[in-house]
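Here's a quick walk through this protein, from the overall layout down to a few individual side chains. Have the structure open and follow along.

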Amino acid sequence: MKPGLYRTSPSVSLQLQQFACSPLKHLNATLRSPQKTMAKARRFVPVVLRVATAAAAGVAAIVMATSHQTATVFGLEVQAKFQYLQSLIFFVVANVVACAYNLLVLVVPTAPSPAAKLVLVADAMLGMLLTGAAAAAAATSAIGKNGNSRAGWQPICGIMSTFCDHVTGALACGFVAVALHFLVLLYSIYTMDSS
């Protein structure tokens, strides 16, 4: 064998070194990627939850606000509108506030800061507001559907079925908004605690 037969040029030597190091670079990149993925998820999850909450609350408010029906009972024209019941007005206002709030909060930084702590407190307060509004509207809806024999109130859903269907749909969306909002709150607490 001739001497120098196995010598390589500097460019080939550099390529061999890069090839030998590439599995280590790939391993380092693989080990770092879960951290990057978690960081992306921490930014992505609250945005999705807040947009979903805003959508559910907005739909609940719109469906409730469009609930009205006119029917004839014993020759008299009777109207049913959400504006006639304070609990349904409260429901609409609370869901409009929840929709607007969840969209506005998207611009607040999520890093631990005084603003993030204020958002956490506001989330808790809004959760209580949404829960109270949904519960009050559900109680009114139950009286409309079943009546109250002790008070002498007759059920109206047999006569005002369209109105009652709208109220039921709005309540379903409202309770979805409540559930999503509490997921937002729990996620905010978790990220605040882990930071």
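## The disulfide

Let's begin with the cysteines. Searching the whole structure, which is a predicted model, turns up one disulfide. The partners are C157 and C164, with the sulfurs 2.0 Å apart. As a reminder, a disulfide is a covalent bond between the sulfur atoms of two cysteines. The torsion about the S-S bond of C157 and C164 comes out at about -90 degrees, so this disulfide is left-handed.

How accessible are some of the cysteines? C164 sits at 10% relative accessibility, so it counts as buried, the cut-off being under 20%. C99 is also on the buried side, at 18%. C173 has a relative accessible area of 22%, so it falls in the partly exposed class.

## Overall layout

Zooming out, you'll find four helices and two strands. Reading from the N terminus, the order is α-β-β-α-α-α. Of the 195 residues in the protein, 29% are buried.

If you take the contacts with a separation of 6 or more, 77% of them link residues 24 or more positions apart.

Mean pLDDT for the protein is 81, and 75% of the residues reach 70 or more. Among the elements, helix 2 has the highest mean, 95, while helix 1 has the lowest, 71. Keep in mind that where pLDDT is low, the predicted coordinates should not be read in detail.

## The nonpolar core

Which residues touch the most other members of the largest nonpolar core? That core has 34 residues, and the answer is M64, L88, F91, F163 and V167. Helix 1 (10–65), helix 2 (86–104), helix 3 (114–146) and helix 4 (161–194) each put in at least two residues. Helix 4 gives the most, with 10. As background, nonpolar side chains tend to be buried together in soluble globular proteins.

V167 is a handy place to look at this packing. Setting aside neighbours within four places in sequence, V167 is in contact with M64, S67, L88 and S141. Two of those names, M64 and L88, are also on the list of residues touching the most other core members.

## A buried asparagine

Now click on N95, which lies in helix 2.

## A tyrosine pair

There's one aromatic pair in the whole structure. It's made by Y187 and Y190, with the ring centres 6.3 Å apart and 45 degrees between the planes, an arrangement classed as tilted. Why are these two about one helical turn apart? Because Y187 and Y190 are three residues apart in helix 4.

The two tyrosines fall into separate accessibility classes. Y187 is buried, with a relative accessible area of 17%, whereas Y190 is partly exposed at 48%.

Technical notes:
Residues are numbered from 1 along each chain as its sequence is written. This is a predicted model: local features need pLDDT of at least 70, side-chain atom pairs count only at pLDDT 80 or more; totals for chains, interfaces and linings use all residues. Side-chain values use heavy atoms; hydrogens and water are left out. A nonpolar core is a set of buried Ala, Val, Leu, Ile, Met, Phe, Trp, Tyr and Cys residues joined through side-chain atoms within 4.5 Å. Buried means under 20% relative accessible area, exposed over 50%, partly exposed in between (1.4 Å probe, protein chains only). Contact means heavy atoms within 4.5 Å. pLDDT is the predictor's confidence in each residue, from 0 to 100. A disulfide is a pair of cysteine sulfur atoms within 2.5 Å. Rings of Phe, Tyr and Trp (its six-membered ring) pair if their centres lie within 6.5 Å; planes under 30 degrees apart count as stacked, over 60 as edge-to-face and the rest as tilted.
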